[in-house]
Amino acid sequence: MPTPETSGLLAEQLLRLTRRLHRAQKRHMEPLGITPAQSRLLRTVAHGDQPLRMADLAQRLEVVPRAVTTLVDALEAHGSVRRIADPSNRRVVRVELTDTGRSTLRALREARRAAAEDILAPLSDQQRDALGALLDTLSGAPDHRC
C-alpha cells in the first residue's frame with residue numbers, strides 16, 4: 001500500500017514535469033509570437049462547431065471574460081482570429097479562426113510535439129507506451145493504444 005510520503009513525492013514529480021513541459025512549450029512557441037494562453041484559446045476556437053461567443057470561450061477556458069478579451073485582442077492583432085457579430089443577436093460577439101489562425105495552429109502543434117520530444121527523448125518506445133498508459137489511467141481516459 002502506497003504511503004502518503006510516496007504519494008506526495010509522486011505529486012511533486014508530476015508538478016515538476018508539468019512545469020518543465022510548460023517551459024519547453026513556451027520556448028518552442030516563442031518564435032511564433034504566441035503565448036501558451038493564446039495557444040489554448042486558438043485550440044478552443046478551432047474545436048467549436050461554429051464561431052464561439054466570447055462568454056463561451058471564458059467558460060471553456062475557465063477564466064474571467066476580461067481575460068478572453070485580452071487574448072482575443074492579441075490574436076486579432078496577430079491576424080489569427082476575427083470577431084464577428086452573431087447573426088441572430090447583433091449585440092453578441094463571436095470569435096472565428098482566420099486562415100492565418102489555422103496555419104498558426106499547425107505550427108503550434110509542431111511546437112508542442114517538439115517540446116514533448118525534448119522531455120521524452122530519454123525514454124524508449126516501451127517506456128513511452130507505459131507512461132502513456134499510466135497517464136491515461138490517472139486522467140480517466142480510455143485506452144487508445146490498441
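Q25 sits in helix α1, which covers residues 4-29. The model is a predicted one. Is Q25 buried or exposed? Its relative accessible area is 18%, and because the limit for buried is under 20%, Q25 counts as buried. Leaving aside residues up to four places away in sequence, Q25 touches R112 and A115. V95 is 70 residues from Q25 along the chain, and 25 Å separates the C-alpha atoms of the two.

An unreviewed UniProt entry places the feature "domain: HTH marR-type" at residues 7-140.

The pockets come next. The largest pocket has a volume of about 380 Å³. Its lining consists of 14 residues, and those nearest the centre are L17, L21, L120, L131 and L135. Which helices supply at least two residues each to this lining? They are α1, α5 (99-120) and α6 (125-139), with the largest share, five residues, coming from α1. By class, nine of the lining residues are nonpolar, three polar and two charged.

The second largest pocket holds about 180 Å³ of space. L10, Q13, L14, L17, L131, L134, L135 and L138 line this pocket. The elements that give two or more residues to its lining are α1 and α6. Seven residues of this second lining are nonpolar and one is polar, with no charged residues.

Terms used. Residues numbered from 1 in each chain as written. Predicted model: local features only at pLDDT ≥ 70, side-chain atom pairs only at ≥ 80, totals over all residues. Heavy atoms only, no water. Helix = DSSP H or I, 4+ residues; strand = E, 2+ residues; numbered from the N terminus. Buried < 20%, exposed > 50% of the residue type's maximum accessible area, 1.4 Å probe, protein only. Contact = heavy atoms within 4.5 Å. UniProt positions renumbered as here; feature names shortened; annotations may be inferred. 1 Å grid on protein atoms, 1.4 Å probe; cavity = no way out; pocket = protein on both sides within 12 Å on 5 of 7 lines; lining within 4 Å. Points joined across faces, edges and corners; volume = space filled by probe spheres on them. Nonpolar A, V, L, I, M, F, W, Y, C, P; charged D, E, K, R; others polar.
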